[in-house]
Amino acid sequence: MELPTESANVIITDGFLYVVIKHRQAAYDKPLGQHTWALPGGGIEDHDETPAHAGRREAHEETGLVIPDLRHILTFTQRVRCSNAEGGFKKGSLHLMLAFIPELKDVFRPFSSHEIEDTRLADRH
């Protein structure tokens, strides 16, 4: 299966706190102790899927939150690892989105799934 060349990540915030996720080890096959916190997001899986739709879908899959509105912040070029036998990298795009949820502290619940080990609210520091 070919990896998507475009992805969407979402900053979910109330202006003070933001949501971060930690993938399970098996999701990226990293050695123990090398888990990192990240923004919710993932690949745009269909040519008809918009970055905003992918951002909403991925944010919901990884946090359990329903994302009503997204604001596009920027798109930048990234290197994407090829999944074919030759390996290497190819050019891709990452779309960064902002979801402002004023009541985030009230609606956020810790979340985990087969892919996500943990979710948290983090401050800006």
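## Salt bridges, core and surface patch

R57 forms a salt bridge with E61, their closest N and O atoms lying 3.5 Å apart; a salt bridge here requires a side-chain nitrogen of Lys or Arg within 4 Å of a carboxyl oxygen of Asp or Glu. The structure is a predicted model, in which local features need pLDDT of at least 70 and side-chain atom pairs count only at pLDDT 80 or more, while totals for chains, interfaces and linings use all residues. Residues are numbered from 1 along each chain as its sequence is written, and side-chain values use heavy atoms, with hydrogens and water left out.

Both R57 and E61 belong to helix α2 (residues 51-63), where they are 4 residues apart, about one turn of the helix. Helices (H or I, at least four residues) and strands (E, at least two) are DSSP runs numbered from the N terminus. R57 counts as buried because its relative accessibility is 17%, the limits being under 20% relative accessible area for buried, over 50% for exposed and partly exposed in between (1.4 Å probe, protein chains only). E61 is partly exposed, with a relative accessible area of 38%.

R57 also forms a salt bridge with E58, with 3.0 Å between the closest N and O atoms; E58 is buried, as is R57. In total, the structure holds 5 salt bridges. Another of them pairs D118 with R120, at 3.2 Å between the closest N and O atoms. D118 is partly exposed, at 21% relative accessible area, and R120 is partly exposed, at 44%. Through shared partners, salt bridges join E45, E49, R57, E58 and E61 into one network.

The interior is considered next. In soluble globular proteins, nonpolar side chains tend to be buried together. The largest nonpolar core comprises 12 residues, among them V10, I12, A59, L70, M97 and F108; such a core is a set of buried Ala, Val, Leu, Ile, Met, Phe, Trp, Tyr and Cys residues joined through side-chain atoms within 4.5 Å. Strands β1 (6-13) and β6 (89-100) each supply at least two residues of this core. Leaving aside residues up to four places away in sequence, M97 touches N9, V10, I11, P51, A52, L70, R71, H72 and I73, contact meaning heavy atoms within 4.5 Å.

I73 also takes part in a nonpolar surface patch with L74 and F76, the three together having about 240 Å² of accessible area. Patch members have over 30% relative accessible area and no salt bridge, with like charges joined within 9 Å and nonpolar side chains (Val, Leu, Ile, Met, Phe, Trp, Tyr) within 5 Å. Accessible areas come from the Shrake-Rupley method with a 1.4 Å probe, and for residues only the protein chains shown count as cover. F76 lies in strand β5 (residues 71-81) and is partly exposed, with a relative accessible area of 38%.
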